[in-house]
Amino acid sequence: MQVIPLSKDFSSEWDSKSKNPNIQQWFLSLTQFRDGKELMKNNDYEGMMKCSHRDQEVDPKAFVGKQEGFYKKFHKIPFSQIPCNVHSILYENNLVGNPYHRMEELKQLWVGYSDWKMECWMNDLDECCNVMIRGVRNSKASSLESSWLLIMEGLDCVANIKVNGELVRSCVDNMFQYYILDISELICKSMMKKEDQHGSARCGLHIEIDFKSALVESRERLESHLQKQAYEIPCPSYTRDFDTRGRNFLRKEGCAFGWDWGPAFASIGIHKPCYLVRFNRPHPIEINNQISLESSFSATQNKGTILFLKDIALYQHDFSIEREGNPELCENVSLTAKLYLFCKNFDGCEQINDTIGKVEVSILDDSSQQMHHKQSLWCEHIEKDIELEDMYIVTLNIGSIQKLKLWYPNGYGSQPLYNFKVAIQHESFKQEKQILFGVRKIELDTSKDEYGHKFQFKVNDRLIYCKGSNWIPSDCFPSRCFHSREHIHNLIKSSHDCHMNMLRIWGGGFYEYDFFYEYCDRYGILLWHDFMFACSLYPSDEKFLKSCRVEVVQQLRHLQPHPCIALFAGNNENEEALLSWPECINSDCKQRLFVDYHKLYYDTIYDVVSKELCYNSSKFNTPPFWPSSPSNGIMKYGNPQDLTQGDAHYWAVWHGGKPFSNYLTVIPRFSSEFGFQSLPGFETLAQFILERNDHSEESERDLNITSPVMESRQRSYVGNKCILEHISREFRFPKTFKDLVYLSQVNQALAIKTACEHWRRQLKICSGALYWQLNDIWPGNSWSSLEWNGTWKLLQYFSKDFFAPYLFSIASSKMSKIENHESDASEQLDFWFTSDSNQHSSIQFKSLKIQMISFENGHEMWSREITEFSAHDAFNSSSTNYLASEIIFSLPLTRDILQQKTFGFLACSLEIDVIAHHSINSHQETSQRHTLQAIHFLCELKKAHKMTKPSLSLQIEEETDTHIKLSITCTNSPSFFTRLFIKSGAHYCNRDTLDKSSLRFDIDHFEENGFLLLPNKTKHVWMKKRESLCGKRNAFPLEWIGIETLGWTY
């Protein structure tokens, strides 16, 4: 067997073969032009376009030829850019502008609304495979003597596939499926038609993928449904200026049609690798040392057999985890593997079994490559797959494996990984495949308790408090994500570095690329994984349900081995839509909508998940299923926002306009969505908002939150209003747009800090907090804590503190009459200590210092120190539950303190000793001192009296090849939310990707940011240099670095 890549892949085996671009070549052509005018909500399309863009308009027809005769080979696509998308190819060749610049989305509407063709030419398959029909390599099989598979791992989205001019698959319409096509006969036929001047056959290959516009197809399917069924299936459109109705009728990335944080480009292209697989056939008949093509072709009528190992699922069961001794070791775990084989032209399971014979399996330590297990197994159990065509399932009982290390989430232990390798030795089908796995037991406890029903994850019997965020696609064009391994790595590492242990893959995106899951495995990031259905109801016709079923089967088999997968959820907010959207509950076809919902999520998806993850057997440990997010549970139709059970999406602060303090009034069992918006940094915005090379006063007028260009960045219907309203509640209104951008990030960080600290304090009730959202799809206004280019917003820096294993936080509460009998206070400040770490045996509280600091000059107004505490026992490891949160001290808010609330703030520090055992089975203990900081404002900062502008000075103290050490000194008054940044302008730093077909950035990173700096104090901050400056000294001028602080905004 031989694999011939038709695209770039990160496999080392394939990379070596993909360096010869002359063997195969891809082309892009336009087959049907549509300008998109009919999609516009505004009838004045031409006027809108001219108003939106000051640069010269580009007429698509000007570079594709006359409409009745488009170029066949419009442009060559470099092999290294496959997978690819149409927008990026056009952008790469300067045929369209940067899709994220100003209002290019409207200019490029025609691209997603037109039809396109991608085609690949291979003039000589034998040359490509490095074999010859005749000559010295006559012993090797030629193309004529081979069977061939064409495998497309992912097409985006509606397409017909042709090989050598013949249709092999019509109407491919699911972005989330792979397609395996037997093209053996087509290749043989083509050889019959081609002979060179010497009478020898040359085998060429021509692959055509005819893409139809997803915007057109979705609208046609919607209209067809309405004509046949005559009832509306609710599905909101999130675009501002044009209509994208019908997205729910296509199995395509939902946010490609626009969302309330991203544009609508409706991408088109090959978004995952594609490749050929060649298998030897019996040799053709030779007459007088000449190959007889007719005889050879006749021989192929028997059709050569095909056997291809597509996926491996690995099931773990019968765990024996050491409770004493080494809790990081699994004493025994039994493994069962399922091999998913694509087979054709075999006479049933018995012949396949005889052909394979024995397979070799081995388990190697991924870091040391030490062999842990190796054996040869007969394929004793093989069955025809009832789910996928031409697929067979081989079950291998590996048996019990001893002394493998246990995998834990970030913060709870290490992440040891193993390679599970399968080798098929048959000469014609010789192949190896390996998967990465970790040994872990995952559980979701939803049992009843005094507060309702739990929603508590356990890993290897340890309770896990889930801390993290929600993940969306990291770019509008999926293929650019494929080529961006390092960027995705940086995003995952950013979550790990901020103590996150869970991300929720949101259902409006796509199933991520393999390296994404591998990074989560390596960094200990659990994944709550939605299936790709979001914010809509969906049809339930037989064809649609069959497509969804195949999708879920394929994805489960591919993802199942990853230890990071903690849960599969049916959808995002669709159960809530069914039960609460006016267009659902007031529909004349309400009952039909319920039937549609049940058919898709229970009769189809849950049915598949139950079978594939072996829910019918308590023996196997596999990730649990949750029907929707939010939801009360399987078949528990009720209020999805019921805070006593299930998970909750809490949006009363953002969509409801409530103050941040409203977070303190609710305690969900698990908060899987909540968020608050901010703008990306001014430095990023300026690069994408301003006209190119135009810094005139006219151009800079766009730097206004209500300018047309800035409003095009805001996709939430309450977005800018909500940002401005909350800033006005907390701060004095800023004097410049740049100050507004900065305050939006401060405001966002404070909002999410308020919620996360509160829900961590209430860990006896709430078992997880995943804010919306971690990353961004483009440089626009959104709820993200990381900008599109990976730059940390202030929220990301704050999360490093409020998600830390040991949390010191402050909250106010009402005092009872008994509590306040000795004072005039009706409220008190509670000082909380929260720990979700299992890395200590006990915590000793040493001292708590509370200072009232003057807003005006930073002087101490009063202070108090506490050295006796009553909560030690709660943080002793003798307790079976190491998750603990207790009030360690309460301070009554007396009249004297409240009278000072507008003149000063509280700066508090808590010193603790963390006691831990020196090593496993050791009675020796080590002690480490930690000092935790917290500040608390007793009033809104806009009411602070005499808050003067701080004076700040910045110096470079030290430089290494990779880092710079900065010192920041403050004088005269406190500096709040001090932010360091690299100034805007291409000569300082380019915020855009360096490569138009991938996400490759060259950006510096500050280790700390958004901090408090008191007068006459100096803080040291390390900055990691951008890659292009690493290894260079004195190449980073101090004037490139800017500072922002609250006192400078008004």
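**Entry 1: strand E40 and its partners**

I began with E40, which pairs with strand E41 (residues 860-866) in the antiparallel sense over 6 bridges. I noted what counts as a strand: helices (H or I, at least four residues) and strands (E, at least two) are DSSP runs, numbered from the N terminus. Pairing has its own rule: two strands pair if DSSP finds at least two bridges between them. The model is predicted, so I kept its limits in view: local features need pLDDT of at least 70, side-chain atom pairs count only at pLDDT 80 or more, and totals for chains, interfaces and linings use all residues. Residues are numbered from 1 along each chain as its sequence is written, and side-chain values use heavy atoms, with hydrogens and water left out.

In E41, Glu865 stands opposite Lys849. The hairpin of E40 and E41 has 5 residues between the strands. There, Gly858 takes a positive phi near 80 degrees.

I then turned to strand E43 (residues 904-917). It runs antiparallel to E40, and 12 bridges join the two. Leu910 in E43 sits opposite Leu848.

How many residues of E40 are buried? I found 10 of its 13, so the strand (residues 842-854) is mostly covered. Buried means under 20% relative accessible area, exposed over 50%, and partly exposed in between (1.4 Å probe, protein chains only).

**Entry 2**

Next I looked up an open sheet of 4 strands. Its order is E45-E46-E50-E48, with antiparallel pairing. Strand E45 (951-959) and strand E48 (1005-1006) stand at the edges. Each has a single partner strand, so one side of each is left without a neighbour in the sheet. Inside this sheet I checked strand E46 (residues 963-971) and strand E50 (residues 1017-1024), which are joined by 8 bridges and run antiparallel. Thr969 stands opposite Thr1018 in E50.

I also looked up Met947, in the loop between strand E44 (925-936) and E45. Met947 is buried, at a relative accessible area of 9%. Its C-alpha atom is separated by 7.7 Å from that of Ser973, 26 residues apart along the chain.

A second open sheet has 3 strands in the order E49-E47-E51, again with antiparallel pairing. Its edge strands are E49 (1011-1013) and E51 (1041-1044), and each pairs on one side only. I read off 2 bridges between E47 (residues 975-982) and E49.

**Entry 3: helix H14**

Is helix H14 enclosed or open? I counted it as largely enclosed by the rest of the structure, because 7 of its 10 residues (514-523) are buried. Among them are Phe515, Phe516 and Tyr517. Just after H14, Gly524 takes a positive phi of about 75 degrees.

**Entry 4: salt bridges**

A search of the whole structure gave me 51 salt bridges. A salt bridge is a side-chain nitrogen of Lys or Arg within 4 Å of a carboxyl oxygen of Asp or Glu.

I picked out Glu673 and Arg504, whose closest N and O atoms are 3.0 Å apart. Glu673 lies in strand E36 (residues 671-673) and Arg504 in strand E30 (residues 502-505), so the pair ties together parts that are 169 residues apart in sequence. Glu673 is buried at 4%, and Arg504 counts as buried at 0%.

Arg929 counts as partly exposed at 46%, whereas Asp913 counts as buried at 8%.

I also noted a network of salt bridges that links Asp173, Lys212, Glu217, Glu220 and Arg221.

**Entry 5: cysteines**

How many disulfides are there? I found 0, taking a disulfide as a pair of cysteine sulfur atoms within 2.5 Å. I checked Cys255: the closest cysteine sulfur is in Cys476, 7.2 Å away, which is too far for a bond. Cys255 is buried, with a relative accessible area of 2%. Cys379 is buried as well, at 1%.
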